[in-house]
Amino acid sequence: MSERFRRRALSAGLVAATVLTTAVALWLGLRLYDQRADEQRRQDILAAARQSALNFTSLDYRHYDRDSANVLKGATGDFKKEFAAQTAELTRLVARNKSVSEGQVLDAGIVRSDDRSARVLVVADSKVTNTAVPRGEARTYRLQLDLVHRGGRWLTSDVEFVG
């Protein structure tokens, strides 16, 4: 073999190794990017579900307008329409009973999710006081929240009490 042939073969081998290394690095970089994006989406879903459950379980008759507005800010679709439609009646009910509910989210987990929707189970406690229970009563809620991604935010489209 001539020296010239060896140099060409070595050059071709180095080019092939460089191309292969670059392709593997790009592939690994894309996988890492996808994993980070998936983890960020998961964290965003859980944060939205936790906040929605906290808003839903933390209501005070002394500033119910603000509290119900917080629920509506994180809501969409039929859930938002139904909650908004009941706000006037709920305002009267919580004022008449002097109701205060102090919620606390204990845990949340994603049941399923994709880029546009998610279902999350949330366990929350709240201490409820009102005219019937002035010393307060502890309540535990298991909520199933359906969320949709709209306008760059995760919004609650449905809430069900489960279990």
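These questions and answers cover aromatic pairs and strand pairing in a predicted model.

Q: How many aromatic pairs does a search of the whole structure find?
A: Two rings pair if their centres lie within 6.5 Å. The search covers the whole structure, and the number of aromatic pairs found is five.

Q: Is the F56 and F83 pair stacked, edge-to-face or tilted?
A: The ring centres of F56 and F83 are 6.4 Å apart, with 55 degrees between the planes. Stacked needs under 30 degrees, and edge-to-face needs over 60. The F56 and F83 pair is therefore tilted.

Q: How many residues apart in sequence are the parts that F56 and F83 tie together?
A: F56 lies in helix α1, residues 3–57. F83 lies in helix α3, residues 77–97. The pair therefore ties together parts whose separation in sequence is 27 residues.

Q: Is F83 buried or exposed?
A: F83 has a relative accessible area of 7%. Buried means under 20%. So F83 is buried.

Q: Which strands hold Y141 and F161?
A: Y141 and F161 form a tilted aromatic pair, 5.9 Å centre to centre. Y141 lies in residues 137–150 and F161 in residues 153–161, so the pair ties together parts 20 residues apart in sequence. The strands are β4 for Y141 and β5 for F161.

Q: Which residue is the bridge partner of A124 in β4?
A: Strand β3, residues 117–129, pairs with β4 in the antiparallel sense over 12 bridges. The partner of A124 in β4 is Y141.

Q: Which residue in β5 is the bridge partner of L143?
A: β4 and β5 run antiparallel and are joined by eight bridges. Within β5, H149 has W154 as its bridge partner. For L143, the partner in β5 is F161.

Q: Which residue in the turn between β4 and β5 has a positive phi?
A: β4 and β5 form a hairpin, with two residues between them. The phi in question is about 55 degrees, and the residue is G151.

Q: Which are the edge strands of the sheet?
A: Five strands form an open sheet with antiparallel pairing. Their order is β1-β2-β3-β4-β5. An edge strand here pairs on one side only, and the edge strands are β1 and β5.

Technical notes. Residues are numbered from 1 along each chain as its sequence is written. This is a predicted model: local features need pLDDT of at least 70, side-chain atom pairs count only at pLDDT 80 or more; totals for chains, interfaces and linings use all residues. Side-chain values use heavy atoms; hydrogens and water are left out. Rings of Phe, Tyr and Trp (its six-membered ring) pair if their centres lie within 6.5 Å; planes under 30 degrees apart count as stacked, over 60 as edge-to-face and the rest as tilted. Helices (H or I, at least four residues) and strands (E, at least two) are DSSP runs, numbered from the N terminus. Buried means under 20% relative accessible area, exposed over 50%, partly exposed in between (1.4 Å probe, protein chains only). Two strands pair if DSSP finds at least two bridges between them.
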